[in-house]
Amino acid sequence: MSADASSAELRLRTELELRGIPFEVQLRPAPLLRGRADLLFPEHRLAVYVDGCFWHGCPRHSRRVGRSGRYWSEAQAQAWARDAQIDLDLARAGWRSLRLWEHETPRGSADRVQEALADRQPFQHGR
């Protein structure tokens, strides 16, 4: 497992492995797309991101930082804009993105991944 993976991501990976759901880790969904997905399901064209509550603006847990607040607000705004651009780029390339929060339970996150996989048949190359 990747050394820089969050504990929430590692718990999700474990839950998916227990369910026998294969996935790739830390890969670009398409060569020209910026960034790597935390989990990738190429045959379903699904990229999964386990987002940290602070950086990615979780409505339940993200909060303004008092001291150096302007710096952190600008950094968060850049992260949110980057997330939105990645999601848009994925959609344009025929991929879907699924964003999960770090506070979600591994079971709940794995359920959401399974639902997303069930919503779309595997991609048929050349058809």
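Modeller: Helices are DSSP runs of H or I with at least four residues, numbered from the N terminus. The model is predicted.

Biologist: Which helix supplies the largest share of the lining of the second largest cavity?

Modeller: The second largest cavity holds about 30 Å³ of space. Its lining consists of Pro29, Leu33, Arg34, Tyr49, Ile86, Asp89 and Leu90. The largest share, 3 residues, comes from the helix that spans residues 69-92, namely α3.

Biologist: How many charged residues does the lining of the second largest cavity have?

Modeller: Arg34 and Asp89 are among the residues that line this cavity. By class, the lining has 5 nonpolar residues, no polar ones, and a charged count of 2.

Biologist: Which element gives the most to the lining of the largest cavity?

Modeller: The search of the whole structure finds 2 cavities of 30 Å³ or more, and the largest contains about 40 Å³ of space. At least two lining residues each are supplied by β4 (96-101), α4 (106-119) and α1 (7-18). With 3 residues, the element that gives the most is α1.

Biologist: Is Gln26 buried, partly exposed or exposed?

Modeller: Gln26 lies in strand β1, residues 24-27, and its phi is positive, near 50 degrees, although the residue is not glycine. Buried requires a relative accessible area under 20% and exposed one over 50%. Because the value for Gln26 is 22%, the residue is partly exposed.

Biologist: What is the phi of Arg45?

Modeller: Arg45 is located in the loop between β2 (37-41) and β3 (46-51). Arg45 is not a glycine, yet its phi is positive, at about 50 degrees.

Technical notes
Residues numbered from 1 in each chain as written. Predicted model: local features only at pLDDT ≥ 70, side-chain atom pairs only at ≥ 80, totals over all residues. Heavy atoms only, no water. Buried < 20%, exposed > 50% of the residue type's maximum accessible area, 1.4 Å probe, protein only. 1 Å grid on protein atoms, 1.4 Å probe; cavity = no way out; pocket = protein on both sides within 12 Å on 5 of 7 lines; lining within 4 Å. Points joined across faces, edges and corners; volume = space filled by probe spheres on them. Nonpolar A, V, L, I, M, F, W, Y, C, P; charged D, E, K, R; others polar.
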